Amino acid sequence: MKTRITTILFDDGLGIRWIPSLRATIASAFMEKSIYHNHTADKIIYRYPPIQYKEICGKAAVVGIGEGAESLENDFHYSDTISLSIDGKEKSLTVVEMSTYEYTPESFSDLHQEYIIKNWLPFNQENFARYLNATTLVEKVSLLEKVLSANILSLFTGFGYYSENKSNASILDIMDSRYLMYKGVKMASFDVKIKCNATLPQYCGIGKGVSRGFGTVYRV
């Protein structure tokens, strides 16, 4: 089962803080297409976001998955320019690269796939309380690994893939951790290097806030 994934790179970066502005600008330009904003009338469409706005290797980017890939390929072209407001100033972004690949979800019995996940938001309120109450690093990492395994399972579900193998992941390194704002709430964010028993889609998101640039997957 293959899924088409298309990535658009712009000529400049925004930083994770301003990715919602990129999302709002593009969503406003295509209000008639719910795929860009995941809303219909006054309702939220609950699904794995087929359009994800993010920063990749220091450049603002948009990733389209399945129908989202088709929409990006139809609606954007090389050298297209968009304008958005950053801190009250107009900023222009120009499309400098468009690339497409086909992703096939797979899972295995052993851990041998390595990835880096940036700006990963693993916690809901309950899990975050458990993380703060953990007294050792071993306990904290164990909790992160359980959440990560569940996030991988959710990702597979979003792609319509159901594995006979139990989702399993190990954290090899916590490269960075910080607090970031997500929908007006301060949340713990992590950059992690992992090993897992699944193939994950390059530049797609995992965990919370994937449509706004959080949890971006990079192949090692």
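What follows walks through the cores, the helix packing and a handful of individual residues in this predicted model.

A quick word on bookkeeping: the model is predicted, residues are numbered from 1 along each chain as its sequence is written, and side-chain values use heavy atoms, with hydrogens and water left out. Local features need pLDDT of at least 70 and side-chain atom pairs count only at pLDDT 80 or more, while totals for chains, interfaces and linings use all residues.

The largest nonpolar core has 38 residues. Such a core is a set of buried Ala, Val, Leu, Ile, Met, Phe, Trp, Tyr and Cys residues joined through side-chain atoms within 4.5 Å; buried means under 20% relative accessible area, exposed over 50% and partly exposed in between, with a 1.4 Å probe and protein chains only. Trp120, Leu148, Ile194 and Leu200 have the most contacts inside this core. At least two core residues come from each of β1 (3–10), β5 (59–65), β8 (113–120), α4 (137–158), β9 (169–182), β10 (185–196) and β11 (216–219). Helices (H or I, at least four residues) and strands (E, at least two) are DSSP runs, numbered from the N terminus. Helix α4 gives the largest share of the core, eight residues.

Ile194 has contacts (heavy atoms within 4.5 Å) with Gln113, Glu114, Tyr115, Ile117, Leu148, Ser170, Ile171, Leu172 and Leu200, once its neighbours within four places in sequence are set aside.

Met175 sits in strand β9 and is partly exposed, at a relative accessible area of 41%. Leaving out residues up to four places away in sequence, Met175 touches Ile116, Asp191, Val192 and Lys193.

The axes of α3 (residues 125–133) and α4 come within 9 Å and cross at roughly 160°; axes here are lines fitted to C-alpha atoms, for helices over the stretch in contact, and angles run from 0 to 180 degrees between N-to-C directions. The two helices are therefore roughly antiparallel, given that angles over 145 degrees count as roughly antiparallel, under 35 as roughly parallel, 65 to 115 as roughly perpendicular and the rest as oblique. The crossing of α3 past α4 is left-handed, meaning that the near helix is turned anticlockwise from the far one by less than a right angle. On the α3 side, Asn127, Arg130, Tyr131 and Leu132 meet Lys140, Leu143, Leu144 and Val147 of α4. Sorted by class, this contact has five nonpolar, one polar and two charged residues. For that tally, Ala, Val, Leu, Ile, Met, Phe, Trp, Tyr, Cys and Pro are nonpolar, Asp, Glu, Lys and Arg are charged, and the others, Gly among them, are polar.

Ser149, also in helix α4, counts as buried at 11% relative accessibility. Not counting residues up to four places away in sequence, Ser149 touches Ser167, Asn168 and Ala169.

Turning to helix α1 (residues 19–29), the buried residues are Ile19, Ser21, Leu22, Arg23, Ile26 and Ala27. They pack against β1, β4 (51–56), β5, β6 and β7 (89–103).

Ala60, in strand β5, is buried with a relative accessible area of 0%. Beyond four places in sequence, Ala60 touches Ile8, Leu9, Phe10, Asp12, Gly13, Leu14, Leu22, Lys54, Glu55 and Leu93. Ala60 and Asp11 are 49 residues apart along the chain, with 7.4 Å between their C-alpha atoms.

Phe76 belongs to the loop between α2 (67–75) and β6 (81–86), yet is buried at 5% relative accessible area. Apart from neighbours within four places in sequence, its contacts are Ile8, Ile26, Phe30, Tyr36, Ile82, Val95 and Met98. Tyr131 is 55 residues from Phe76 in sequence and 42 Å away in space, C-alpha to C-alpha.

Two loop residues have backbone angles to note. Asp87, between β6 and β7, has a positive phi of about 55° without being a glycine, and is exposed at 59%. Tyr203, in the loop between β10 and β11, is likewise not a glycine and has a positive phi near 75°.
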